[in-house]
Amino acid sequence: MEPDTELQDTTQRTVLSHGPLRSAPRSACVVVIHGEGLGRRADITDTAVLVGRSQEADLVIAHKSVSREHCRVWREGNRYRIRDLGATNATRVNDVRIAGETTLADGDQVTVGESILKFISQDSVEASYHEEIYQLATHDALTELYNRRHFIEMADKEIARSIRHARPLSLCIIDVDLFKPVNDRYGHISGDEVLRQIALLLRRHVRSDDIAARIGGEEFALLLPECDAEAARVFAERLREAVAAAPFAPGGEPQRITVSIGIAELAAERDTRPALMAAADTALYRAKSEGRNRVCVEA
């Protein structure tokens, strides 16, 4: 009986294989695996990670059992260290109360109030799994921008930071004009491609610190730290012009697509996320009612 050459080839390649391809090195991280904040994570890079109830923490756990500044995790050479910051409910590692600070090992469980975090080193195979889960939990699958839930979390944090440091912050809400007729005429697949193109244009225009998200069907949001209303208006006009000039062809037919944009700047009368979003929505409504394909700023 002749040997199965395909099987031989497969076996030989398996024998000669060096094993699974290894991905690029990842940052160590802490992931909430139980309690408030379940699924949230923070990467530990060159700057320390603050864990606490404060909206300015790097990993926010908004529960009364957690102190505003509960603990800090940082890299020290090839080691990772954790320090309790005088929390009311002392930080514990593997259920042992920290005496000042200690070194973390891969897989250690950190108790913060009533939540439990897991420390995952950069060499852990588990890191890639948690990274994928994090991406799925925080990003919109169609556009690869942040999703609404994650945008809300990040917006709350940026608003708290801007108020504390008295720095400007503006919000843009972007809506695709007359999108329903595009969907109705060319189908949802073509409509999805239009949204992906607009998301790509948005990513090309934003700065590294800006926060861009898809918050609804054809609605996007963009948070601009260190930007007052006038700077946001200039940015939004560039984006509006770029969309209007871009070649769209849903269903293979050239089609001009435009967006309307409403802008609101953080102010005393709108110092919360709901108030800021409501103001930007009001400006967006005005842009629509005045003829679309325009930018309006809420005074």
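Which residue's side chain does Asp184 meet in a salt bridge? I looked up Lys180 and found the pair at 2.7 Å, N to O. I count a salt bridge when a side-chain nitrogen of Lys or Arg is within 4 Å of a carboxyl oxygen of Asp or Glu.

I am working on a predicted model, where local features need pLDDT of at least 70, side-chain atom pairs count only at pLDDT 80 or more, and totals for chains, interfaces and linings use all residues. Residues are numbered from 1 along each chain as its sequence is written, and side-chain values use heavy atoms, with hydrogens and water left out.

I checked accessibility: Asp184 is exposed at 55%, and Lys180 is exposed at 56%. My cut-offs are under 20% relative accessible area for buried, over 50% for exposed, and partly exposed in between (1.4 Å probe, protein chains only).

Next I followed Arg185, which meets Glu253 at 3.1 Å, N to O. Arg185 lies in α4 and Glu253 in the loop between α6 and β15, so this bridge ties together parts 68 residues apart in sequence. Arg185 is exposed at 59%, while Glu253 is partly exposed at 34%.

Then I turned to Lys288 and Asp177, at 2.8 Å, N to O. Helix α7 holds Lys288 and the loop between β12 and α4 holds Asp177, so the pair links parts 111 residues apart in sequence. Asp177 is buried at 5%; Lys288 is partly exposed at 21%.

Methods. Helices (H or I, at least four residues) and strands (E, at least two) are DSSP runs, numbered from the N terminus.
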